[in-house]
Amino acid sequence: MDVSAIMIKSAVVIAYAFIGTFIGLLFLGVGRKIVARVHNRVGPPFYQGFIDVAKLLSKKTNISHGWIFDLALLFSISGILLAFAFLPVGGIKLLSTDGDAFLVLYLLAIPALGFALGAGASGNPNAGIGVMRALVMMLSYELPFVITMIALMIYYDTTSIARIVELQSVNGISSWAIFIPPFMLAAAVADMALQGMLMEQPFDIPVAPHEIASGPMVEFGGKYLGTLMLYKAISIVVETTLFVDFFLGGGVIMHGGIVANIANFIVWFVLIFIVFTLSLLINTAFPRFRIEQAFTFYWKYEAILATVALIWVYWMVI
Amino acid sequence: MRYEEWSGIARKASKRSLWMVHFCTGCGAIEMPPVMTSRYDMERFGIASMATPRQADVLLITGYLTVKTLKRVVQVYEQMQSPKYVIALGSCTMNGGMYWDSYNTIKRLDKYIPVDIYVAGCMPRPEGIMNAFLKLMKLIDEGKARGWERYKKYYERYKKNQEMAFNFVKKEEKEEEKNEGD
Amino acid sequence: MKAIELLGKGEEMNGRAYVKIDKSELEEAIKTLKENGYNHFVMLSCIDWLDDGEFELVYHLWSYEEREHVMLSVRVARDGESMPSMHELFPQIETYEREIHEMYGIKFEGNPRLTPFFLEGWRDMPPMRKDFDSRKFTKDVFGNISTIEEEEDEGI
Amino acid sequence: MLDIILAEILVAAIITFFVGRKLAAIIAMAVSILPLIALLDWASLYGFNIIHLGIEKSISIPIAGVSLNLAITPLGWFFALMIIPLFPAIMLFSYSFYKKNDGFYPFMLLALLSSIGIIMAKDMLTFFLFWEMMSWSSFLLVYRSRDKEAVMSYFIFSSLSAFLIFLGILIIYQQNASLLLSSINIESNAYGVVAIISLIAGFAIKSVLMPLHAWAPYVYSKSDEPFVAFLAGGLSKLGYYGMFLILFILAGAKVLETYFTNLSPNYILAVFGALSAFIATLIAFMQDDMRKLLAYSSIGQLGYIAIGFGIGTPLAVSGALFQAFNHAFFKAVLFLAAGAVAYRTGKWKISELGGVGYRMPFTFMATLFAIFTLAAIPITSGFAAKWLLYESAIDAKYIFVAPIMLIAGVGAFLYSFRILYGVFLGENRYPNIKEAPKSMVAAMFILVMPLLIFLIFPGYMLDMMHDALISGNIATLNHNAFVIETSLASYNTIAVIVALMIALIPAILIYKTRKHRVVDFMDNYLAGELPELYDNKISMHAASRFYKPIEEIIGPYFEPGTMSYYMAIYRGLKAISDAVRKIYTGKAGDYAIYVTLFLLIIMGWFIWM
């Protein structure tokens, strides 16, 4: 690859990073407004996400607990931006040809590990318990999600997300994975796993403000909390895009030049907004589970459904 | 950093996004739910309640403060990150309220930690609390909500006042200390 | 009233059994009551009779079977006479005794935790006694703590 | 050349028996560097990654009428790269770890000698001879721990493994007269299959595959850390060397396939590997003793290699060998770090440790990097190995093995965080311990070095194993230094690293532009409580029984543990032997009756014939 191609590619990646952050912060504000409206409240303005992050980053004093604590800040942002770079967004393959679904799965783990180290270094027992819950949550929702992912890979006989998106957009919307019978079941399971990934209400066990004073974030303030909010914003976009790429054809409906790209981008944006709103509605309907309930929910009920889908796909494929 | 250098955007942002940690000691907590829920909805102004002082800008103290709880309030206040503001709800924090002659309640909170806004009433109604927040936002805008700077400037005097309250130092002992000092 | 038959003395006072007991018989009385259904220790209160020069400690017990409330009243001299601790019979008595020790100054032998309870750093006499002037104390302590005004010349 | 080195190690082993502590360590280090130098200059001679199959430097050592002939085979070369560099670093570590020379160095040198002998064996006899030498030299090292359970279990299991291997060799010898590895072909009849299965079972004991792993937690947690680092890092790979030898070089996998037409036996090996990875990970994060946790984590990570050999496709086997290489180094670093922490604090239990990382930053950094490689964080070489294995599982459509393997990978985060938080971070309970001695820290960083190389160039690793794969007649993947191409997808480390650099810019920007103040440990949010009132004795340790919620759900399933099954076998055998002993009543009359009975049976048999 000559230098100019690399330059263009990295420019596109950086541009998409900014777009992702912008949309993420927008979603934070809009999300709180949707939840407020469900509570029959007025709710904050839609640009509240930007204001919160600006305020946090402009705090005068920032308390830190040593260099290991600062690792959380570096890992969280870089990890989630890296994951975003390896996802096809609205049909535009950023770097997703150089990596595949397993890489994205493990890239999503870097910020979680960064939090864990930062929270551990802060030495607060609340943080320790919060990180334990976060890791247990990760272990629990990964099982169904991984099984559905394997079902997809076996069906499309590839592990690279870009390839899956291509195969889903062969003849427009009808070839989306969600319309294939086993993947309807798999999509439902993956959506509940997405609820765990986004840490929305029934599964916001690690950051429970009442029980463990917001878990790992107990000692994070000022610029550290600002970075974590940026991470939360981008992670919403990344995880919803992952779901859309797997089951809703990555929003690709047209092929061709600039017009197609814009159309795909709009469809992608609408799709991730729908998925995010769905998870918010589930959020407002449920109280917070206990960690044991969440674990048994994912490893007993979700895992069985996912294995049914997997075997069904395996039977279809061989 | 002087207050003026604090740029306009940052001040606007911190005005529209006040995160509050709520230290409820006496009877004040019962007035907070209406403020948070749909009737008055403080989230309209970007105000949200946080779990730890590290994440908060506003310390909302409701109800009377005994000497023992004052120690904890000072610890929470010092763990907050500046710029930080204090809103004191209820007449008990102003002049001790109905505990004006009690032997261990704090009469005037301002002697121990800088208070930006007092809200009278026993307990003030949600409208009073909302007005307090709006007043605080206006003060931040005009750059007058300077409690945290005053605390930094007169740190020794605040600390001395706190020590005197913590050890119930009486008037005569104070004179002895003075003439020992001279 | 069942309690009065049990203890053999005391009279009925608007629906409750009021029994005056000497310090030495107290432990015996509580034990007998406890065995006969009075297994709920309601509270331990203390009244300061300044003119008689005595404290009156009242042990309140309640029985769910007979639905009766009994009050065992013991008189203790104000000048620091000590009382035997009853916390072996009911564990919560330890906390009541701890509070009364802090607020009235009655010493309870055998109570493991007579440490400061509400008043950390308190060096004055026990505040709930009648001869403690709360208003003067407030003026002395909180009166002379000066407020912190801005020095106008700084003009922040 | 080769025999001179082996002789020197033997002589050194004898000398270090008598010499003082410091001198013994220096001799051991000097001697162990020799094979490393020999390795490197062979590399320079034949080119670091390509050794043509033909050029074999083989020699034979005639001892008592039997000639031990050794040779550098490509497979042996690759495993030598894994085991030999470990030894000097471990010797450097134990230089300041041991206070007195009580027989540690001689047996370690013998273990090294035997492991080199195993790798370089040209025929089955030398292989078995060095295998025996390795078992008893490591047994004597385990014996130093004086722990009854560890010693007994290690003794029983290694002798069982030696017996199984010997059974396999005998059958093979019976099938084709010579023992030379190059000239063996196993017929696919019942005997051949029995030979292969017994050999694989024998090797599986050494490489702690799940049902046969019972000895590992006791031995790893009771014997001293430097030996365990070599045992877990190096010696466990010999089991997989043997398996590779049998399955691929001697075409054992094909023999099994042709014999069992319907079910492919390799799938069973993959299933055992997956179960061992999954169950060991689940048990690992419930342990309180740090060494037991590392022992189960080692069993889990070794399970991945068994999966790779089980699947058998080129993708899977190269992934397995890559994982073996990583495991050798990061497991050695982890055990050495555990040793360094125990050297300073004298404790192994996570509930008693905490906050060691603040005072021992270098040990913490080495452990952190080893944990990242173990948990397969994308940029580290650990991820490349696991990625190959995942790809192969999907490619081969193993729908039972793939999810379990992936969940075991995610489970690795749980116990690795347990070590980081429980031991190094959390409450500052050891505020005045000093950093581990220089030699220990240097040893750990030497072992981290190779992982760093293959972090950026996974392609070089595939080149190094290129010849080993060809010798096992397995195809190789098309790759260059950075990109690994497979039929399903591709993995490009340069893209990941460059994207990471770009992604780090905003984080560093935010970090640098805003000042921050480091605050001491006790200035923590404790719901407003004041530590000074309790003179700073508030316990903030949240790491003992860390995963209590899951323990209560998963715990009952693992309660019995495999050792209890072996105990059941033991009790069964004991009952049978008691019954048999009743015959010897000790009275002469009974014996007379037995003799007559015997004669009657013989006569009856004759009449019937």
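Predicted model: local features only at pLDDT ≥ 70, side-chain atom pairs only at ≥ 80, totals over all residues.

Are α4(D) and α10(D) roughly parallel or roughly antiparallel to each other? Helix α4 of chain D covers residues 86-97 and helix α10 of chain D covers residues 225-249; they pack at an angle of about 165 degrees, and their axes are 9 Å apart. An angle over 145 degrees counts as roughly antiparallel, and α4(D) and α10(D) are therefore roughly antiparallel to each other. Their crossing is right-handed. On the α4(D) side the contact is made by D:L86, D:F87, D:I90, D:F93, D:S94 and D:F97, and on the α10(D) side by D:P226, D:A229, D:F230, D:G233 and D:G234. Sorted by class, the contact of α4(D) with α10(D) comprises eight nonpolar and three polar residues, with no charged residues.

The crossing of α10(D) and α13(D) is right-handed. From α10(D), the residues in the contact are D:A232, D:S236, D:Y240, D:M243, D:F244 and D:L247; from α13(D), they are D:S298, D:L302, D:I305 and D:F309. The contact of α10(D) with α13(D) holds eight nonpolar residues, two polar residues and no charged ones.

| Helix pair | Angle | Distance between axes |
|---|---|---|
| α4(D) and α10(D) | about 165 degrees | 9 Å |

**Contacts between chains**

Four pairs of chains touch, and the most contacts among them are between chains A and D. Between chain B and chain D, eight residues of chain B are in contact with four residues of chain D. The side of chain B that touches chain D is made up of two nonpolar, three polar and three charged residues. Other pairs are separate. Chain A and chain C have no contact, and their closest C-alpha atoms lie 18 Å apart. Chain C does not touch chain D either, the nearest C-alpha atoms of these two chains being 10 Å apart.

**Chain A and chain C**

Chain A contains twelve helices and three strands. Its C-alpha atoms fill a box of roughly 55 × 50 × 40 Å along the principal axes. The radius of gyration of chain A is 19 Å, in agreement with the value near 20 Å that a compact globule of 318 residues would have. Of those 318 residues, 65% count as buried. Among contacts in chain A between residues at least 6 apart in sequence, 78% join residues at least 24 apart.

Chain C has four helices and seven strands, which follow one another along the sequence as α-β-β-α-β-β-β-β-α-β-α. For its 156 residues the globule rule gives 15 Å, but the radius of gyration of chain C is 21 Å, so chain C is more spread out than a compact globule. The C-alpha trace of chain C spans about 80 × 35 × 35 Å along its principal axes. In chain C, 21% of the residues are buried. Of the contacts in chain C with a separation of 6 or more, 50% are between residues 24 or more positions apart.

**Backbone geometry**

Most residues other than glycine have a negative phi, and most peptide bonds are trans. Several sites in the model depart from this pattern.

B:P83 is placed in the loop between α3 (67-79) and β4 (85-89) of chain B. Another cis peptide bond joins B:C122 and B:M123, with omega of about -5 degrees. B:M123 is in the loop between β5 (117-119) and α5 (126-142) of chain B.

A:M199 has a positive phi, near 55 degrees, and lies in the loop between α8 (181-197) and α9 (209-212) of chain A. With 19 other C-beta atoms within 10 Å, A:M199 is partly exposed. The phi of C:N14 is also positive, near 25 degrees. C:N14 belongs to the loop between β1 (11-13) and β2 (16-20) of chain C, and C:N14 is exposed, with 5 other C-beta atoms within 10 Å.

Note on methods:
Residues numbered from 1 in each chain as written. Chains lettered and ligands numbered in written order. Axes fitted to C-alpha atoms, helices over the stretch in contact; angles between N-to-C directions. Helix = DSSP H or I, 4+ residues; strand = E, 2+ residues; numbered from the N terminus. Parallel < 35°, antiparallel > 145°, perpendicular 65-115°, else oblique. Left-handed = near helix turned anticlockwise from the far one by under 90°. Contact = placed C-beta atoms within 7 Å. Nonpolar A, V, L, I, M, F, W, Y, C, P; charged D, E, K, R; others polar. Rg over C-alpha atoms; globule rule 2.2 N^0.38 Å. Buried ≥ 20, exposed ≤ 12 C-beta atoms within 10 Å, placed from the backbone.
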